[in-house]
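Welcome! Take a moment to look over the sequence and turn the model around before reading on.

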Amino acid sequence: MLRRLLLFTLILSSQLHAETIRLLTLSFPPYAYVESGEVKGFVVDIVKESMARLKQDYELVIQPWARSLHEMKTGKGDGLFPMFITDDRIYFTEYSAKPLTHEYKSLFIHANDDIQFDGDLALLGQYRFCRVRGYSSGPVFDQAELNGTLPYVDLANSSLQNIQKILHSRCQILVDDKNVVAYLLKRLEQSEQLSLLVDLERIPSHMGFSKFGHASSLVKRFDKVHQAMIQDGTIDNILSHYLGKMTHHQ
């Protein structure tokens, strides 16, 4: 009986390796994006290296987030990243034990400025902020803006526009995703020009596997290779490549 069970397990494992799984993400540089026809990004590279170590064939698809969530619910999509853990996703998602990354809502100042922060946003109300139009800057900042604690907030259509504004002193504090800012500053060769004032929020973002797809049993093996990548420095090397000076262990 034990021999039959072992043989059955090996057959299932072999079938999983042979079957190509469908992995989903969205376009959000530097997390994931398409450049010259290739899907890139630091979480993409983490997932690619994980699949290589698992010897798992996969296709990688960038598409709208809502469509990806629907495919995870139906099992058409086998994996989705990076994902926040939320109550409404638990029934169809098996999450990695450790996050692939953290998404930070952070405040930045020009490196030459001497603005201090002691934990109370109200004390920064005299300064002019810049943030991206139409996006949440996290509940802490959004509430402070909504209730008038921060009366001077300029909006722009992109993170790049806001970085140019603070570099040219058209605002004094930038609020944005820390990884996005680090990536853009590296591309502009301006990493030394801004300083981190504070991380307002740090939100873990995981690899998710659909409970109804072909890869639901992959999560424990994924966790092992992911932990090995943390320990052997692979994750730090990937972060350094994309984020440069502001690289930090996620």
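## Before we start

Helix axes here are lines fitted to C-alpha atoms over the stretch in contact, and the angle between two of them runs from 0 to 180 degrees between N-to-C directions. We will need that in a moment. Please keep in mind that this is a predicted model.

## The whole protein

Let us begin with the overall picture. The protein has 250 residues, and 47% of them are buried. Its secondary structure consists of eight helices and eleven strands. Along the principal axes, the C-alpha atoms fill a box of roughly 75 × 35 × 35 Å.

How much of the contact set links residues 24 or more positions apart? Among contacts in the protein with a separation of 6 or more, such pairs account for 74%.

Now find helix α2 (residues 42-54) and helix α7 (residues 219-231), whose axes come within 9 Å and cross at roughly 115°. The crossing of α2 with α7 is right-handed.

Which residues meet where α2 and α7 touch? From α2 come Ile46, Glu49, Ser50, Met51, Arg53 and Leu54, while α7 brings Arg221, Phe222, Val225, His226, Ala228 and Met229. By class, the residues of this contact divide into seven nonpolar, two polar and three charged.

## The largest pocket

Next, look for empty space. Rolling a probe the size of a water molecule over the atoms shows where such space is left. In this model, the largest pocket holds about 720 Å³. Several elements give two or more residues to its lining: the strands β7 (101-110), β8 (129-132) and β10 (173-177), together with the helices α5 (159-167) and α6 (178-188).

Which residues lie nearest the centre of the largest pocket? They are Phe28, Lys105, Tyr135, Asp177 and Val180, out of 26 lining residues. The lining has 14 nonpolar residues, six polar ones and six charged ones.

Most residues other than glycine have a negative phi, and most peptide bonds are trans. Against that background, the bond from Pro29 to Pro30 is cis, with omega near 5°. Pro30 sits in the loop between β1 (21-25) and β2 (33-35). Another cis peptide bond joins Phe81 and Pro82, where omega is about -15°. Pro82 belongs to strand β5 (residues 79-83).

Two serines have a positive phi. Ser36, in the loop between β2 and β3 (38-40), has a phi of about 55°. Ser169, in the loop between α5 and β10, has a phi near 60°. Are these serines buried or exposed? The cut-off for exposed is over 50% relative accessible area. Ser36 has 79%, so it counts as exposed. Ser169 has 62% relative accessibility, so it too is exposed.

## A buried serine

For a contrast, turn to Ser68, which is found in helix α3 (residues 65-74). Buried means under 20% relative accessible area. With a value of 0%, Ser68 is therefore buried.

What surrounds Ser68, leaving aside its neighbours within four places in sequence? Ser68 is in contact with Leu24, Thr25, Gln63 and Leu80.

Notes:
Residues are numbered from 1 along each chain as its sequence is written. This is a predicted model: local features need pLDDT of at least 70, side-chain atom pairs count only at pLDDT 80 or more; totals for chains, interfaces and linings use all residues. Side-chain values use heavy atoms; hydrogens and water are left out. On a 1 Å grid over the protein atoms alone, a cavity is a set of points where a 1.4 Å probe fits but cannot get out, and a pocket is an open set with protein on both sides within 12 Å along at least five of seven lines; lining residues have an atom within 4 Å of a point. Grid points are joined across faces, edges and corners, and a volume is the space filled by probe spheres set on the points. Helices (H or I, at least four residues) and strands (E, at least two) are DSSP runs, numbered from the N terminus. Ala, Val, Leu, Ile, Met, Phe, Trp, Tyr, Cys and Pro count as nonpolar, Asp, Glu, Lys and Arg as charged, and the others, Gly among them, as polar. Buried means under 20% relative accessible area, exposed over 50%, partly exposed in between (1.4 Å probe, protein chains only). A crossing is left-handed if the near helix is turned anticlockwise from the far one by less than a right angle, and right-handed if clockwise. Contact means heavy atoms within 4.5 Å.
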